[in-house]
Amino acid sequence: MKALTFTLVAEPPERLDLSPLTAERLAGIERHDIEKIRIGMSKHGSKVGDIFRVAGNDPLNIVFEGGSARLDRVAEGMRGGSVRLVGDAGAQAGRAMRGGKLTIEGDAGPHAGSGMRGGRLEITGNAGDHLGAPLTGELAGMNGGVLIIRGKAGAFAADRMRRGLIAVLKGSGDHAGSRMIAGTLVVAGGTGEMPGYLMRRGSILLDRAPRSLSPSFVECGAPESVFAAIIDRYLITEGILKRPLLGNAPHRYGGDNAVLGLGEVLFPH
Amino acid sequence: MPNLSVNGIMIDDTFAEAFGMRATAIIITAPNRKWARQAAITMTGFATSVIGCGCEAAIDVELPPSATPDGRPGCRVMIFAMGTDELQKQLLNRVGQCVLTSPGSACFAGLEGSAALKLGSALRYFGDGWQISKKIGGRHFWRVPVMDGEFLCEATTGLTKEAVGGGNFFVMAESSAKALAAAEAAVAAIGQVPGAIVPFPGGIARSGSKIGGKYKGMIASANEAYAPTLRGVVKSALGPDINAVLEIVIDGETNDAVAAAMKAGIKAVIELGPQKGAVRISAGNYGGKLGKFIYSLKDMLP
């Protein structure tokens with residue numbers, strides 16, 4: 001079986017909803033029927049065949065050749081297999097995915113990995129605001145899985161995160177890890193203002209001291225930490241980082257004491 | 001009984017009889033080898049026999065930093081018990097009192113088994129609400145605040161029902177010193193066998209026992225047939241040249257591990273020879289009717 005490949009023919013005339021194009025939703029559908037699926041979000045009502053040239057037949061191995069910031073909801077809700085997007089993605093890439101592997105070889109828009117529950121999402125470029133964060137009205141953000149951003153992330157990365165791991169390798173915007181419920185956020189390359197703002201529990205692991213912290217964080221010294229050794233080794237064996245992030249005895253701030261106060265911000269001593 | 005002689009050591013034509021047990025293993029790490037061993041030795045103290053200790057436990061192997069989950073020196077400890085409930089109880093009591101308390105320690109699962117035993121998921125309550133749960137790469141850890149930082153402990157470890165307890169052999173010598181030399185050589189050799197432990201003091205038991213006794217309530221009592229002081233008084237298994245007998249008792253993760261350990265131990269005794277060590281090797285059994293596992297000595301020769 002050959003990878004099911006969607007080659008972008010031209011810049012789309014409207015925003016597209018690519019959520020129907022996952023292994024689960026394409027199973028058993030013939031290619032000519034796939035081409036008839038409506039993905040346009042405006043009066044154009046573009047169909048798959050209008051936007052992409054479709055080839056291959058293996059829905060467990062989907063490739064999008066060519067990207068655009070108009071490609072929204074790539075691989076939304078995917079549970080298995082792999083999806084690779086060679087190019088940029090729009091909003092909500094990998095939203096609510098539960099398993100499998102999504103790779104975006106470009107930049108992603110806002111709400112990438114929003115509400116993820118499992119699987120691995122890797123973005124080689126930058127991600128927009130609200131990385132892994134909930135949509136309006138939802139109580140929790142990312143709930144499992146691994147989300148890796150090789151570039152920068154916008155503001156409110158890991159907002160209301162509950163479980164799983166987010167790693168941002170070239171710095172994040174303001175309020176990274178705001179309102180975190182639990183889980184682990186790794187940011188190398190610096191954070192914006194007040195990481196961990198109103199976090200309840202969870203860990204924010206940085207490669208340097210944060211530029212600013214909410215005054216309701218308190219210093220906890222730098223005791224030796226086996227957890228730091230475990231996470232350092234994990235990040236290296238998973239190919240996320242090349243060098244240890246925290247070392248044996250990272251500096252620790254506890255907070256946010258404006259709320260529950262069981263969270264932590266760790267960075268090398 | 002036609003007996004075999006190897007390198008001048010007589011090998012009895014008999015067999016060791018062993019039983020199915022439940023077992024688990026954990027990996028204890030610490031800032032250095034000394035404290036990894038200290039935590040392991042403390043938690044495996046008073047764990048020689050299920051008869052009186054509830055479990056049998058010892059260090060299986062020492063692990064270099066490259067082989068532990070946190071990159072620090074460690075020990076793999078194995079614990080054996082007759083039932084799952086008792087094993088769970090012994091595991092939590094021992095890790096809670098001896099590893100959690102030991103400076104700089106951390107504790108990880110050491111076995112992937114058919115079922116899980118609680119480890120950190122029960123010990124976390126020591127954290128009194130300040131414990132932190134972390135799931136990293138499919139493994140679940142608990143971080144419990146303690147006075148030198150944090151005690152990190154994996155949530156569960158594995159249980160195996162394939163374990164075997166009670167593999168054994170006797171080394172019989174002309175003097176106590178020679179018996180001890182032979183037994184020590186055997187223990188050193190068994191230490192190199194992964195998945196097998198020798199739970200008695202230094203791996204050696206001098207009070208091999210029979211089941212029951214003349215006094216009510218005694219589960220085990222003196223094995224007078226192997227007590228040199230009673231030779232001639234009772235129906236003795238000892239010839240005139242034997243003045244000391246020591247027993248090596250082996251518990252293993254699998255039947256194969258016990259057999260490998262017996263082979264390694266017997267090989268070491270034979271290589272030491274009768275001048276410095278044992279003149280005869282035998283084994284303990286109950287007629288072959290009680291235990292599920294039989295290890296014939298002639299199959300265990302090098």
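Visitor: How many residue pairs are in polar contact between chain B and chain A?
Guide: In this predicted model, six residue pairs, with both members at pLDDT 80 or more, are in polar contact between chain B and chain A. The side of chain B that touches chain A is made up of nine nonpolar, six polar and five charged residues.

Visitor: What is the buried area between chain B and chain A?
Guide: The two chains bury about 1,400 Å² between them, and 62% of this is on carbon and sulfur atoms. On the side of chain B, B:Lys134, B:Ile136 and B:Arg143 lose the most area to chain A, together 34% of what that side buries. As for contacts, 20 residues of chain B meet 17 residues of chain A.

Visitor: What makes the pair B:Arg143 and A:Glu264 a salt bridge?
Guide: The closest N and O atoms of B:Arg143 and A:Glu264 are 2.6 Å apart. The limit for a salt bridge is 4 Å, so a pair of Arg and Glu within that distance qualifies. The count between chain B and chain A is one salt bridge.

Visitor: Why is B:Ser5 called exposed?
Guide: B:Ser5 has a relative accessibility of 53%. The term applies over 50%, so B:Ser5 counts as exposed. This residue is part of strand β1 of chain B.

Visitor: Why is B:Ser282 called buried?
Guide: The relative accessibility of B:Ser282 is 1%. Buried means under 20%, and therefore B:Ser282 belongs in that class. B:Ser282 lies in strand β16 of chain B, and its neighbours in contact include B:Phe169, B:Phe170, B:Tyr226 and B:Leu297.

Visitor: How do you know that the side chains of B:Ser282 and B:Asp12 are joined by a polar contact?
Guide: The distance of the contact between these side chains is 2.9 Å. Since the cut-off for a pair of N or O atoms is 3.5 Å, a value within it meets the distance condition.

Visitor: Why are the buried residues of helix α1 of chain B said to be on the same side?
Guide: The residues concerned are B:Ala36, B:Ala39, B:Ala40 and B:Met43, which are buried in helix α1 of chain B. They cover an arc of only 95° around the axis, so they are on the same side of α1(B). In general, an α-helix has 3.6 residues a turn, so residues three or four places apart point the same way. Among the elements that cover the buried residues of α1(B) are β3, β4, β5 and α3 of chain B.

Visitor: What makes B:Glu253 and B:Arg76 a link between distant parts of the chain?
Guide: The side chains of B:Glu253 and B:Arg76 meet in a salt bridge of 3.0 Å, N to O. B:Glu253 is in the loop between β15 and α6 of chain B, whereas B:Arg76 is in strand β5, and the two are 177 residues apart. Both B:Glu253 and B:Arg76 are buried.

Visitor: In the salt bridge of B:Arg139 and B:Glu154, why is B:Arg139 called partly exposed and B:Glu154 buried?
Guide: B:Arg139 has 31% relative accessibility. This value lies between 20% and 50%, so B:Arg139 is partly exposed. B:Glu154, at 7%, is under 20% and therefore counts as buried. The closest N and O atoms of this salt bridge are 2.6 Å apart.

Visitor: How do you know that B:Glu271 and B:Lys267 are about one turn of the helix apart?
Guide: Both residues lie in helix α6 of chain B, and they are four residues apart. B:Glu271 is exposed, because its relative accessible area is 57%, while B:Lys267 is partly exposed at 39%.

Visitor: What is noted about the phi of A:Ala158?
Guide: A:Ala158 has a positive phi of about 65° although it is not a glycine. Most residues other than glycine have a negative phi. A:Ala158 is in the loop between β9 and β10 of chain A and, at 0% relative accessibility, counts as buried.

Terms used. Residues are numbered from 1 along each chain as its sequence is written. Chains are lettered from A and ligands numbered from 1 in the order in which they are written. This is a predicted model: local features need pLDDT of at least 70, side-chain atom pairs count only at pLDDT 80 or more; totals for chains, interfaces and linings use all residues. Side-chain values use heavy atoms; hydrogens and water are left out. Contact means heavy atoms within 4.5 Å. Buried area is the accessible area (1.4 Å probe) that two parts lose on being put together, summed over both. A polar contact is a pair of N or O atoms within 3.5 Å; within protein, one must be able to donate a hydrogen and the other to accept it, and residues adjacent in sequence count only if both atoms are side-chain atoms. Ala, Val, Leu, Ile, Met, Phe, Trp, Tyr, Cys and Pro count as nonpolar, Asp, Glu, Lys and Arg as charged, and the others, Gly among them, as polar. Buried means under 20% relative accessible area, exposed over 50%, partly exposed in between (1.4 Å probe, protein chains only). The arc is that of the directions from the helix axis to the C-beta atoms.
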